[in-house]
Amino acid sequence: MVDYILIRGSIGVGKTTIATLLEKKISEENYHAKLWSLDKFKNENVSKDVTYYAKRRAIELLTPIVNSSIDKNNVPLIEGVLYEQDLFLYLINNVYGKALKVKLTAPLELCIKRDSIRAYPRGVYRVTRTWNLLQNVHGDDYEVNAGNKNIEEIVNEIIDKFKHF
């Protein structure tokens, strides 16, 4: 069985929306799930900067918290853009246990559209940049096209992988 789930994808792909529902559904399955948004954690505990170093520091601070959560039999869900392969690998190598690594994808136009309707849009440039950078990352166990499935289908697929991985 999986000890934690790591979800990454472009801005606007639906990471937070999917991870929030996933947290609820996993908890309904008699597991204790806890969602950690890398952006939110970074903004609240390190800086609102979008620099590599701010992200690195946030991940370094979050790692022992996630490990403590696993020690208490919780299932952490970590979601973030994570196009930096070394930061992705840092999490994989420093968080205890077995990870289910999920990459969410969707067409660029859909990510831009979704971003434009959020409370604080990141903008076309940042969406396009993260989308392009994520086209060349590897190491995920499972890739889901979030552009052609509804949220329930995606969450149910991830839960199935979580149980049988």
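Visitor: What pattern does the chain follow, read along the sequence?
Guide: In this predicted model, the pattern is β-α-β-α-α-β-α-β-α-α-β-α. Helices (H or I, at least four residues) and strands (E, at least two) are DSSP runs, numbered from the N terminus. The radius of gyration, taken over C-alpha atoms, is 15 Å, close to the 15 Å that the globule rule gives for 165 residues, so the chain is as compact as a globular protein of that length. That rule is 2.2 Å times the number of residues to the power 0.38.

Visitor: Which residues have the most contacts inside the largest nonpolar core?
Guide: They are I5, L22, V102, L104 and I158, in a core of 33 residues. Such a core is a set of buried Ala, Val, Leu, Ile, Met, Phe, Trp, Tyr and Cys residues joined through side-chain atoms within 4.5 Å, where buried means under 20% relative accessible area with a 1.4 Å probe, protein chains only.

Visitor: And what does I5 touch?
Guide: Not counting residues up to four places away in sequence, I5 touches L22, I26, P76, L77, I78, L100, V102, I158 and F162, a contact being heavy atoms within 4.5 Å. Another core, of 18 residues, lies apart from that one and includes Y4, L6, L38 and I70.

Visitor: How much of the chain is buried?
Guide: Buried residues account for 44% of the 165.

Visitor: What should I know about the numbering and cut-offs?
Guide: Residues are numbered from 1 along each chain as its sequence is written. Local features need pLDDT of at least 70, side-chain atom pairs count only at pLDDT 80 or more, totals for chains, interfaces and linings use all residues, and side-chain values use heavy atoms, leaving out hydrogens and water.

Note on methods:
Buried means under 20% relative accessible area, exposed over 50%, partly exposed in between (1.4 Å probe, protein chains only).
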